[in-house]
Amino acid sequence: MKRILISIFTLLLAVSARADEGMWVLSLLSKMNIGQMQQMGCKLSAEDIYSANNSSIKDAVIIFGGGCTGEIVSDKGLIFTNHHCGYSSIQQLSSVEHNYLRDGFWAKNHEEELPVPGLQVRFMTTIEDVTAQLTDSLDNVSAEQRTAEIDRRSGKLVKAAQDKLSAEERAYTEIMVESFYAGNQYFMVTYNVYNDVRLVGTPPESIGKFGHDTDNWMWPRHTGDFSIFRVYADKDNKPAEFSTENVPLKPKHHLPVSTAGVEMNDYAMTIGFPGSTSRYLSSWGIEETMNIVNASRILPRETKQNIWQEDMQASEKVKIQYASKYARSSNYWKNSIGMNRGLNRLHILDKKRAIESDFAKYAESHAEYKPVLSLLAKKYSERAADYKAFYYLRECVGSVEIFSSNASPINYLIRILESGKEVTAADKERVVNAYRSIYKDYSASTDEKVCAALLDFYAKSVAPEYLPAFYQTIAKKYKNDYKAYAAKVFKTSILTDSTKLFKMIEKPNLKELNKDMAIQAAKDLQAKYQQLRAAILPNVTEVDNAERMFLKGLMEMNPDKKFYSDANFTMRLSYGTVGDYEAADAVHYKHYTTLKGVMEKEKPGDWEFDVPAKLKTLYETKNYGRYADKDGEMHVCFTTNNDITGGNSGSPVINGKGQLIGLAFDGNWEAMSGDIAFESELQKCICVDIRYVLFIIEKYGEAKNLIDELTFAE
């Protein structure tokens with residue numbers, strides 16, 4: 001038996017290495033966190049990180065696209081983000097002739113950079129607490145009245161802020177009021193929006209998505225999950241639409257890069273835009289998430305993804321068409337599986353019920369909280385059947401593209417025709433352009449297989465009253481033969497034949513359009529959606545208000561505890577340390593991986609684990625340049641205990657000096673419960689080492705021009 005000797009130093013080290021739970025609002029760091037951050041190794045002040053008036057680190061962190069984070073890394077607007085964040089843009093620019101997903105892409109000058117239509121980045125400029133203006137005198141009104149009045153006041157605040165801007169500023173400024181602490185606090189957030197964003201560099205997906213589904217959410221990880229873009233502005237450095245006259249943005253701040261590497265217990269922080277967590281959710285809400293929301297994703301998506309994957313492996317064209325769709329679908333399919341597993345393993349429902357038991361005792365002497373728990377139990381139970389139908393309808397029937405995305409543009413024309421208005425040339429052009437975009441990434445034969453499988457799945461998952469009306473046709477005319485029904489739809493619908501469809505758009509005929517089986521089904525699908533929404537909406541307002549009161553009471557019960565708000569895709573900071581972890585009995589994972597692990601995982605020709613020949617040569621010759629670790633190896637990824645979630649993808653991982661050391665891109669399988677329950681001993685943020693990023697850029701991509709743009713800390 002080994003002797004146990006615990007020194008004061010060891011105790012302090014254990015405290016510093018423990019994960020700090022929380023996604024903190026940057027403007028509140030000086031009041032809530034900066035002292036602890038500095039004790040753990042942060043050398044910066046709160047003002048260095050967030051300043052409303054001066055350049056600070058927050059000015060280098062952006063919303064990338066619709067749901068990721070990126071960071072500015074040069075004085076010419078260069079952006080680093082994850083490969084999986086840039087994936088849809090890379091796919092959009094790819095073709096069989098120029099397959100950037102497969103081959104990668106490296107611009108050697110600004111002229112070679114590729115504009116990405118529709119891609120935006122947003123810089124947060126201000127965040128202002130407006131709780132008092134929104135909630136004054138609303139303590140004794142109903143949930144519906146409170147929601148309606150806050151919406152009204154929010155609109156008034158936003159309009160007043162917009163009125164202070166010039167017309168030019170309004171065109172590129174977004175102002176929104178966001179709810180914090182389940183609606184107990186509100187902030188108004190302002191963003192500058194840039195619409196000219198161009199692809200600069202990406203490794204092939206054999207590096208950028210190495211491991212694909214098998215390694216997703218797993219550690220050890222060996223993925224070079226990065227891509228590079230650039231944001232452009234007009235000659236006055238202001239936001240502008242794409243133009244060849246635009247120039248690279250001159251940012252307020254860009255992150256310097258460190259090549260020193262990371263060691264155990266090094267301080268690390270992430271700044272980004274985490275999407276959504278529900279850490280304060282009641283036990284009834286957790287049960288609903290597990291048994292309805294997550295369950296509705298797992299088997300339907302697996303069914304769809306298997307069909308997609310089979311066709312993707314058989315055709316390069318289909319692989320390009322469905323690459324981004326598959327990645328989006330599979331990410332939260334696996335997340336849902338892992339979350340349910342983690343919540344059960346960690347007995348989260350039992351722990352939450354214990355909290356609720358304490359809350360019930362507290363509520364006995366606090367009248368406003370007395371009905372909260374019984375109301376939650378009642379309202380969640382009342383909506384269970386409708387909620388299940390809604391989520392399964394979305395994941396099954398809503399996943400059939402011919403009924404959803406394909407039908408949407410033509411339904412726009414149908415609504416115009418039904419109103420009796422004239423369909424203009426501009427209307428027709430809008431619809432034609434929409435279909436050109438849709439058909440670029442659409443395989444009708446693939447969608448037909450998905451249609452048959454998921455219509456059947458939905459029918460077996462819900463009560464008959466939740467079936468859209470076209471199911472009656474399937475029962476009567478096709479004897480519930482979903483393959484036969486799907487075959488007829490795809491054979492006859494103009495939505496699968498671009499030639500016929502574009503002729504119809506040129507001379508739209510309402511009677512003929514309404515006869516189309518796919519369009520009929522799409523209308524029935526929307527009617528069922530609207531019916532379910534109408535049934536659910538009043539309940540949602542009451543449940544949300546009860547959850548708000550539950551959290552309000554918990555905060556009053558625990559006045560000495562520092563509460564952070566759940567993630568809501570506003571800028572947050574988390575802080576922690578680099579470290580390893582014990583994944584299971586006798587399973588110890590160190591805190592970093594190396595290029596050796598890539599070679600050990602290699603499966604030549606395999607879609608998930610193929611390794612490019614050039615990367616193997618660089619490994620065999622140890623041609624790592626200045627990016628090798630002091631141990632002589634090429635480090636690929638590392639883990640910290642920072643608190644992150646979806647939306648943090650692409651977030652900069654920053655050391656105590658404000659220098660970029662990595663990009664956050666994933667969480668670990670053992671702690672997939674993290675969106676609902678933070679697990680301080682297991683929760684890990686998986687990061688690609690910035691040295692691996694630079695190695696791939698310089699040695700693999702031979703894009704030394706990009707390296708020369710960066711500011712190195714050493």
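**Briefing: local geometry, sheet, helix packing and cavities**

Asn237 is partly exposed, with a relative accessible area of 27%; on this scale buried means under 20% relative accessible area, exposed over 50%, and partly exposed in between, for a 1.4 Å probe and protein chains only. The model is predicted: local features need pLDDT of at least 70 and side-chain atom pairs count only at pLDDT 80 or more, whereas totals for chains, interfaces and linings use all residues. Residues are numbered from 1 along each chain as its sequence is written, and side-chain values use heavy atoms, with hydrogens and water left out. Helices (H or I, at least four residues) and strands (E, at least two) are DSSP runs, numbered from the N terminus.

**Backbone geometry in loops**

- Asn237 lies in the loop between strand 11 and strand 12 (247–248), and has a positive phi of about 70° although it is not a glycine.
- Ala586, also not a glycine, has a positive phi of about 70°; its place is in the loop between strand 15 (581–584) and strand 16 (587–589).
- With 76% relative accessibility, Ala586 counts as exposed.
- Trp219 and Pro220 are joined by a cis peptide bond with omega at about 10°, and Pro220 lies in the loop between helix 11 (212–215) and strand 11 (227–233).
- Ser315 is located in the loop between helix 12 (283–314) and helix 13 (316–345), and counts as partly exposed at 23% relative accessibility.
- A distance of 42 Å separates the C-alpha atoms of Ser315 and Gly579, which are 264 residues apart along the chain.

- Strand 20 (residues 660–667) is mostly covered, as eight of its eight residues are buried.
- Strand 19 (residues 652–654) and strand 20 run antiparallel and are joined by three bridges, with Gly662 of strand 20 as the bridge partner of Val653.
- The hairpin of strand 19 and strand 20 has five residues between the strands, and there Gly658 takes a positive phi near 85°.
- Strand 20 is also joined to strand 21 (residues 685–689) by five bridges, again antiparallel; the bridge partner of Gly667 in strand 21 is Cys685.
- Strand 21 pairs in the antiparallel sense with strand 18 (residues 635–640) over four bridges, where Ile686 of strand 21 is the bridge partner of Thr639.

- In helix 25 (residues 613–620), Leu615, Leu618 and Tyr619 are buried.
- Seen down the axis of helix 25, its buried residues fall within an arc of 100°, so they line one face of the helix; the arc is that of the directions from the helix axis to the C-beta atoms.
- Ala613 and Glu620 are exposed on the other side of helix 25.
- The buried residues of helix 25 pack against helix 10 (205–208), helix 24 (595–601) and helix 26 (690–700), where contact means heavy atoms within 4.5 Å.
- Helix 25 is followed by Lys622, whose phi is positive, near 55°.
- Arg383 is found in helix 15 (residues 372–395) and is buried, with a relative accessible area of 6%.
- Not counting residues up to four places away in sequence, Arg383 touches Glu288, Asn539, Val540 and Val543.

- On a 1 Å grid over the protein atoms alone, a cavity is a set of points where a 1.4 Å probe fits but cannot get out, and lining residues have an atom within 4 Å of a point.
- The count comes to four cavities of 30 Å³ or more; grid points are joined across faces, edges and corners, and a volume is the space filled by probe spheres set on the points.
- The largest cavity has a volume of about 50 Å³, and its lining residues include Trp24, Val25, Phe180, Gln185, Phe187 and Tyr564.
- Strand 1 and strand 9 (185–194) are the elements that give two or more residues to the lining of the largest cavity.

Conventions. Two strands pair if DSSP finds at least two bridges between them. On a 1 Å grid over the protein atoms alone, a cavity is a set of points where a 1.4 Å probe fits but cannot get out, and a pocket is an open set with protein on both sides within 12 Å along at least five of seven lines; lining residues have an atom within 4 Å of a point.
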